[in-house]
Amino acid sequence: MKVQVRVNERGALRNGRFAFTNKLTLVSELLQNARRAGATQVTIDHDATARRLTVIDDGCGIEDFQRLLTFNESGWDEDTIRKEHAFGLGFSKCLYAARRCVVASGRRRVDIDTAAALAKAMVEVEECVEGDAVTGTRVELHGVDLPDLAQRVEELCAGFPVPVWFNGEPLKRAMAEAGVKPEDVGYI
């Protein structure tokens, strides 16, 4: 008798929500994606009452929206995968944490009902309505519960190498401004 590794796909999709240590991991993942995309600035807007988080960067954007919904395949170039061990689970945290994810990049967007997406429903890539095109990427998470984000966001960004604004105010990023390298604090 022989046995082999198998993956229970349904169970993996259902239980993936437990793969992350805390709810704020999704913010770190979105920041990391912005940095990897070459962003020179990131804007985070959070409305705790409306349970909405918006992260906008001016990086290279998303060429292939399928990469957002393909688990365990990062979509980054081979050099990034090798240096940073990018393995393609970051955006999935958004799917587990929010009721709805709207991602726009360039002139295209997806509006993802997360429960349907995790049940493997097809998601349409649409053209942005006039005036809604994005240079870089905009991720809007609706129905996301991040009650202590305002108190912890500066800590999350302390060593982040790219300037970050939170609810209209620039964050201090103390370690980055002091010259600490991103790889010294776990960003690379």
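**From one glycine to the whole chain**

Helix α2 is followed by Gly 38, whose phi is positive, near 85°. This is a predicted model, in which local features need pLDDT of at least 70, side-chain atom pairs count only at pLDDT 80 or more, and totals for chains, interfaces and linings use all residues. Residues are numbered from 1 along each chain as its sequence is written, and side-chain values use heavy atoms, with hydrogens and water left out.

Helices (H or I, at least four residues) and strands (E, at least two) are DSSP runs, numbered from the N terminus. The chain has seven helices and eight strands.

Helix α2 covers residues 25-36. Because 10 of its 12 residues are buried, α2 is largely enclosed by the rest of the structure; buried means under 20% relative accessible area, with a 1.4 Å probe and protein chains only. Among these buried residues are Leu 26, Val 27, Glu 29 and Arg 35. Over the chain, 42% of the 188 residues are buried.

The strands form an open sheet of eight, in the order β5-β4-β3-β6-β2-β1-β7-β8, with mixed pairing. Its edge strands, β5 (125-127) and β8 (169-170), each pair on one side only; two strands pair if DSSP finds at least two bridges between them. Strand β1 (residues 42-47) pairs with strand β7 (residues 164-166) in the parallel sense, over three bridges. Within this pair, Ile 44 stands opposite Phe 166 in β7.

Notes: Buried < 20%, exposed > 50% of the residue type's maximum accessible area, 1.4 Å probe, protein only. Expected span 1.5 Å × (residues − 1).
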